[in-house]
Amino acid sequence: FAPPVNVIQDKRLAQPLSLCGSALRSPHGCHAQYMADMGSIASLVMSVTINEDDEEMDSDQQKGRKLWGLVVCHHTSPRFVPFPLRYACEFLIQVFSVQINKEVELASQWREKHILRIQTLLCDMLLRDAPIGIVTQSPNVMDLVKCDGVALYYRKKIWLLGFTPTEPQIKDIAEWLLEYHSASTGLSTDSLMEAGYPGASVLGDAVCGMAAVWITSKDFLFWFRSRTAK
């Protein structure tokens, strides 16, 4: 590959110069290395973009686009792709992006309905004064929140699901919450170490993040995540 030429941007421009629509721009360094590893001389790359999720945006922002995937075409010898063919490929990718976006939105709507259904069933168990059912029956609280493990601390008894701290460690976490966070209705943290829990170092990487809610004044429901799942 010929060495790329630096683009000098006018200092009066407020935003960085975008070369997305340029057909003459050089490939990114990592893409050039990827082509070299593949034994490819020429490539045509087209991006597949979809709408950003609402939770990834601020409320005052307009909905933007995010990268979903790439369509990469290779050739082992230099090859010129004429503009009409490039334009046809771009149009095809735009149609494909619209279809993918619809599929993603439908999947998101299905997940929301599924979560609402589980939430209704679990709330019904709690209202019937049967909190043990939220961890012993199906669906359970692990189906409601993406996590590695769940613990129910109820009337000084403990029920565990998945990867969790041991029962003595659960009791210690409950005592720590009662002592330092009794004024709140729950606690959510990406790291128990950063939250100030003194026994966090003993838990290791298997338990890092935690969400806890009060069922009663002395009973808790815990969700745990490992460091890798953070």
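Is aspartate 10 buried, exposed or partly exposed? Here are some notes on that residue and a few others, bearing in mind that this is a predicted model.

1. Aspartate 10 is partly exposed, at a relative accessible area of 33%. Its side chain meets that of arginine 12 in a salt bridge, with 2.8 Å from N to O. Arginine 12 counts as exposed, because its relative accessibility of 74% lies over the 50% cut-off. The count of salt bridges comes to one. As background, side chains of opposite charge can pair when their charged atoms come close.

2. Next, have a look at helix α1, which spans residues 29-38. The buried residues of this helix are His31, Ala32 and Met35. They sit on the same side of α1, because the arc they cover around the axis is only 100 degrees.

3. As for the buried residues of α1, their cover includes the strands β1 (42-51) and β2 (65-75). After α1 comes glycine 39, with a positive phi near 70 degrees.

4. Finally, serine 191 lies in the loop that links β5 (186-189) to α5 (192-195). Despite the loop setting, serine 191 counts as buried, because its relative accessible area of 5% falls under the 20% cut-off. Leaving aside residues up to four places away in sequence, serine 191 touches Cys208 and Gly209.

Technical notes: Residues numbered from 1 in each chain as written. Predicted model: local features only at pLDDT ≥ 70, side-chain atom pairs only at ≥ 80, totals over all residues. Heavy atoms only, no water. Helix = DSSP H or I, 4+ residues; strand = E, 2+ residues; numbered from the N terminus. Buried < 20%, exposed > 50% of the residue type's maximum accessible area, 1.4 Å probe, protein only. Contact = heavy atoms within 4.5 Å. Arc of directions from axis to C-beta. Salt bridge = Lys/Arg side-chain N within 4 Å of Asp/Glu carboxyl O.
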